[in-house]
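Biologist: Please take me through the strands and loops here. I would like the general idea before each case.

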Amino acid sequence: MSEHASAYDDPGTPQEISRRTFMANATVVLGGLVGVTLAISVIGSLVPTSEVLSGKKMWSALDSAGFSKLQGSDGNVPLKIFFTHKSQDGYLESQSQEYVWGLKLTPDQEQQMRAARPDLFAQKGAGVEFNVFTMGFVIFSPICPHLGCHYNWDQASTKFICPCHGSVYDKFGKHLAGPAPRGLDPLPLREQSGKAEITWIQYETAVPDRVIIAYS
Ligand code: FES
């Protein structure tokens with residue numbers, strides 16, 4: 001065997017062996033840490049954040065003529081009010097025509113609605129987390145909480161009726177009949193620079209609890 005080859009067979013001094021062992025162990029530990037960090041980053045990127053789930057809260061102005069009509073209404077007939085629904089999904093912004101149902105309420109009617117709709121005013125987070133009454137109005141999402149059809153106001157029966165499976169609600173949105181698991185869902189309303197604005201909320205359908213899927 002050559003002198004050069006035998007140099008490779010020499011295990012070295014105890015200090016050299018100890019240094020090599022330390023370096024090998026350190027490399028394994030560092031490699032493991034890098035691997036764990038990468039794994040956490042990758043897994044984290046795959047889990048949807050609450051921001052992604054909830055979307056971006058945006059305010060959309062209600063049609064001013066429609067809202068003026070609501071302001072002049074007598075509080076017994078809900079009115080359909082159109083608006084341009086702006087939404088943002090990631091970097092994509094889109095617009096579509098939508099409508100909500102508005103009802104003007106006197107202070108007495110507000111009390112009646114509180115009694116009729118305890119699901120909206122329950123304490124400790126069970127109710128909705130915004131004011132259901134704003135400026136003397138309540139705004140309902142036009143989406144039936146059963147399976148998502150658009151319901152309508154039936155003046156003959158003075159009820160909201162959904163054409164899809166026959167769910168019926170009173171003017172306060174209280175569920176009266178049909179397969180819907182809860183009453184109508186409210187939307188936030190605000191006044192901004194003289195305009196009435198709402199935030200669109202997509203609620204989960206077919207469940208008794210009011211669960212927010214997305215804002216826009
Ligand atoms: S979607 Fe309205 S009753 Fe089924």
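Modeller: Start with pairing: two strands pair if DSSP finds at least two bridges between them. This is a predicted model. Four of its strands form an open sheet with antiparallel pairing, in the order β5-β6-β7-β8.

Biologist: Which strands stand at the edges, each with a single partner strand?

Modeller: They are β5 (152-154) and β8 (175-177). Each has a single partner strand, so one side of each is left without a neighbour in the sheet.

Biologist: How many bridges join strand β6 to strand β7?

Modeller: Two bridges join them, and the strands run antiparallel; β6 covers residues 159-161 and β7 covers residues 168-169. For I161, the bridge partner in β7 is V168.

Biologist: What is the order of the open sheet of three strands?

Modeller: The order is β1-β10-β9, and the pairing is antiparallel. The edges are β1 (60-61) and β9 (189-192); each has a single partner strand, so one side of each lacks a neighbour in the sheet.

Biologist: How should I think about side chains along a strand?

Modeller: In a regular strand, side chains alternate between the two faces of the sheet.

Biologist: And what joins β9 to strand β10?

Modeller: Four bridges do, with β10 at residues 195-198 and the two strands running antiparallel.

Biologist: Where is S193 placed?

Modeller: S193 is in the loop between β9 and β10. These strands form a hairpin with two residues between them. The phi of S193 is near 50°, a positive value in a residue other than glycine.

Biologist: Is S193 buried or exposed?

Modeller: The reading rests on a count of C-beta atoms within 10 Å: a residue is buried at 20 or more and exposed at 12 or fewer. S193 has 6 C-beta neighbours inside 10 Å, so S193 counts as exposed.

Biologist: Which loop holds A206?

Modeller: A206 lies in the loop between β11 (201-203) and β12 (212-215). A206 is not a glycine, yet its phi is positive, at about 65°.

Biologist: How many other C-beta atoms lie within 10 Å of A206?

Modeller: There are 13. A residue between the two cut-offs is called partly exposed, and A206 is therefore partly exposed.

Notes: Residues numbered from 1 in each chain as written. Predicted model: local features only at pLDDT ≥ 70, side-chain atom pairs only at ≥ 80, totals over all residues.
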